[in-house]
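Colleague: I'm new to reading protein models. Could you walk me through one, a feature at a time?

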Amino acid sequence: MSDFVDRKYRAVTAFQRRMNPVLRRLPLQTVLETTGRASGLPRQTPVGGRRIGSSFWLVSEYGEKSQYVRNIQANPRVRVRILGRWHTGTAHLLPDDDPRARLKQLPRMNSMAVRALGAQLLTVRVDLDG
């Protein structure tokens, strides 16, 4: 990773560490809940994305460096809070999907932020249970 990308990653994650506890408490904020790969505890991350049919789609700014992506690699069972309601499902990392094209299908404001802040985009699809 280049120096610029590394500095950008550190700045973005420092900002997110401060803002995520506030954002995930907002009732209509979409939240992805994974299981911590080391602790086994629930880990909640505010995300942007969209439900399309029986799947929820999002794009990770930092791909496999994102902690929630690492948690998904260890245990793909997740929960997603969409419009205040929790849904369980199985997450799939899609490295062959075009994340920039995918962002065009997702909410505009979040997509702009992901493009601006991200460096190693990765598409994630959550297949929601029933």
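Colleague: What should I know before I start?

Modeller: This is a predicted model, and local features need pLDDT of at least 70, side-chain atom pairs count only at pLDDT 80 or more, while totals for chains, interfaces and linings use all residues. Residues are numbered from 1 along each chain as its sequence is written, and side-chain values use heavy atoms, with hydrogens and water left out.

Colleague: What is the mean pLDDT of the protein, and where is confidence lowest?

Modeller: First the idea: pLDDT is the predictor's confidence in each residue, from 0 to 100. Here the protein has a mean pLDDT of 84, with 75% of its residues at 70 or more. Confidence is lowest in helix H1 (residues 3-23), where the mean is 63, and highest in E6, at 98. Where pLDDT is low, the predicted coordinates should not be read in detail.

Colleague: How many helices and strands does the protein have?

Modeller: Helices (H or I, at least four residues) and strands (E, at least two) are DSSP runs, numbered from the N terminus. This protein has four helices and seven strands. Starting at the N terminus, their order is α-β-β-β-β-α-β-β-α-α-β.

Colleague: And how do I read contacts along the chain?

Modeller: Contact means heavy atoms within 4.5 Å. Take the contacts between residues at least 6 apart in sequence: 66% of them join residues at least 24 apart.

Colleague: What percentage of the residues count as buried?

Modeller: Buried means under 20% relative accessible area, exposed over 50%, and partly exposed in between (1.4 Å probe, protein chains only). Of the 130 residues in the protein, 41% count as buried.

Colleague: Which residues have the most contacts inside the largest nonpolar core?

Modeller: In soluble globular proteins, nonpolar side chains tend to be buried together. A nonpolar core is a set of buried Ala, Val, Leu, Ile, Met, Phe, Trp, Tyr and Cys residues joined through side-chain atoms within 4.5 Å. The largest one here has 15 residues, and Leu32, Phe56, Ile72, Val78, Val80 and Val126 have the most contacts inside it. Two or more residues each come from strand E4 (55-60), helix H2 (67-74), strand E5 (77-82) and strand E7 (122-128). E7 gives the most, with four residues. There is also a second, separate core of six residues, including Trp57, Val59, Leu106 and Leu121.

Colleague: What does valine 126 touch?

Modeller: Leaving out residues up to four places away in sequence, valine 126 touches Ser54, Ser55, Phe56, Val78, Val80, Gly89, Thr90 and Ala91.

Colleague: Which rings have a charge sitting over them?

Modeller: A charge sits over a ring if NZ of Lys or CZ of Arg is within 6 Å of the ring centre and within 35 degrees of the ring normal. Arginine 79 lies over the face of tryptophan 86, 4.0 Å from the ring centre. Likewise, the charged end of arginine 102 is over the ring of tryptophan 57, 3.7 Å from its centre. The side chain of arginine 102 also has a polar contact of 2.8 Å with that of aspartate 97. Aspartate 97 itself is in the loop between strand E6 (85-94) and helix H3 (99-103).

Colleague: Last one: what is phi of leucine 83 near?

Modeller: Most residues other than glycine have a negative phi, and most peptide bonds are trans. Phi of leucine 83 is near 50°, a positive value in a residue other than glycine. Leucine 83 is in the loop between E5 and E6, and it counts as exposed because its relative accessibility is 67%.

Notes
A polar contact is a pair of N or O atoms within 3.5 Å; within protein, one must be able to donate a hydrogen and the other to accept it, and residues adjacent in sequence count only if both atoms are side-chain atoms.
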